[in-house]
Structures are given as C-alpha cells and as structure tokens.
Amino acid sequence: MDRHTIVTKTAKGLLEASGRSSELPRDLRSLLKEIDGKSTVGSLALKLGSGPVHKLIEALEKLQRDGFVRAFASAPQTLAPPSQSPVVTGESDLDFTGLRATPERKLEEARRMQADAEDIARQAAATRAREAARERARLEATLRVKAGQG
C-alpha cells in the first residue's frame with residue numbers, strides 16, 4: 001500500500017463504521033469512517049492532517065489485515081507520454097471478463113457475509129435461550145426440593 005492506493009471498506013468495515021459492531025478502538029474507527037472508496041491514501045493523509053503518512057499506511061494495513069478495508073485500486077502517479085509508456089513484449093493475457101463481474105461479486109460477497117452474520121446471531125440467540133431454559137429448570141427443581149422439605 002502506498003500514497004496512490006485507493007482504499008474501500010468491506011462489509012465488515014461498513015458494519016463497524018456504522019456503529020453496528022464495536023471491534024475497533026476509537027482512532028481506527030474514526031479513520032474507517034473517513035474512507036470513502038474514492039480518495040487515495042495521500043489525500044486521506046492531507047484530509048486528516050495527523051502525523052506522517054507511514055503511520056496512516058500502517059493503520060490502514062492493520063485495518064486491511066483485520067478485514068475492515070481492502071485496497072480497491074492504485075491511482076496512477078502521473079500519465080506518461082505515449083513515447084515513454086511501457087512496451088509489452090511476448091504474449092500478454094488481456095482477459096477483462098473478471099472486471100465486468102466485480103460489482104456482482106462484491107454484492108454476492110456482501111450478501112454472503114450478511115447471511116453469515118445473521119446465522120451467527122441466530123445461533124447466539126438460540127444458545128442464550130437454551131442456557132436460560134436450563135437455568136429456569138434448575139431453579140424450578142431447587143424450589144420443588146425446598147417445597148417438599150418444608
């Protein structure tokens with residue numbers, strides 16, 4: 001990741017930035033909220049104006065490792081004149097079919113992550129309900145024993 005990289009939030013990052021989860025410390029969450037998927041790391045550094053760029057890059061790389069953001073693209077540094085553009089020799093694979101399906105893949109990935117999150121929430125609720133039922137049964141049994149003795 002460098003100053004010219006454009007960073008975007010993942011589904012997990014969107015949940016964190018919107019406040020639906022709270023896994024990150026406040027400083028990383030506020031950085032996450034500033035990521036719009038259009039600005040480069042360099043423009044984020046100018047916008048935030050907080051310390052050296054390498055610290056911002058380290059924070060963004062941590063967010064990327066933890067799955068909150070991903071490198072979306074790398075903006076060109078400068079446009080070279082045609083005479084200085086790189087020459088491709090040999091066979092090159094110019095298959096762009098994967099680019100066309102990218103929005104659908106992102107949407108499918110977001111839907112899958114949302115379904116996984118909902119499944120985990122359902123499982124957690126079921127576990128809590130089972131534990132509450134066990135506790136109620138234990139308390140009722142204790143009360144029956146005490147009532148039989150008294």
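Q: What makes the 17 residues a nonpolar core, and which members touch the most others?
A: The largest nonpolar core of this predicted model has 17 residues. A nonpolar core is a set of buried Ala, Val, Leu, Ile, Met, Phe, Trp, Tyr and Cys residues joined through side-chain atoms within 4.5 Å. Buried means under 20% relative accessible area, with exposed over 50% and partly exposed in between (1.4 Å probe, protein chains only). L32, I35, L56, L60 and L63 touch the most other members. Two or more residues each come from α2 (26-34), α3 (41-48) and α4 (53-65). α4 gives the most, with five residues.

The ground rules are brief. Residues count from 1 along each chain as its sequence is written, and side-chain values use heavy atoms, leaving out hydrogens and water. In this predicted model, local features need pLDDT of at least 70 and side-chain atom pairs pLDDT 80 or more, while totals for chains, interfaces and linings use all residues.

Q: Which residues does I35 touch, not counting residues up to four places away in sequence?
A: I35 touches V7, T8, K9, L44, L60 and V69. Contact means heavy atoms within 4.5 Å.

Q: Why is α3 called roughly perpendicular to α4?
A: α3 and α4 pack at about 115 degrees, with axes 10 Å apart. Axes are lines fitted to C-alpha atoms, for helices over the stretch in contact, and angles run from 0 to 180 degrees between N-to-C directions. Roughly perpendicular covers 65 to 115 degrees; under 35 is roughly parallel, over 145 roughly antiparallel, and the rest oblique. So α3 is roughly perpendicular to α4.

Q: What is the class make-up of the contact of α3 with α4?
A: V41, L44, A45 and L48 in α3 meet V53, L56, I57 and L60 in α4. By class, this contact has eight nonpolar, no polar and no charged residues. Ala, Val, Leu, Ile, Met, Phe, Trp, Tyr, Cys and Pro count as nonpolar, Asp, Glu, Lys and Arg as charged, and the others, Gly among them, as polar.

Q: Why is α2 also set roughly perpendicular to α4?
A: The axes of α2 and α4 cross at roughly 90 degrees and come within 11 Å. That angle makes α2 roughly perpendicular to α4. L28, L31 and L32 in α2 meet L56, A59, L60, K62 and L63 in α4. This contact has seven nonpolar, no polar and one charged residues.

Q: How many helices and strands are there in the protein?
A: The protein has six helices and two strands. Helices (H or I, at least four residues) and strands (E, at least two) are DSSP runs, numbered from the N terminus. Their order is β-α-α-α-α-β-α-α.
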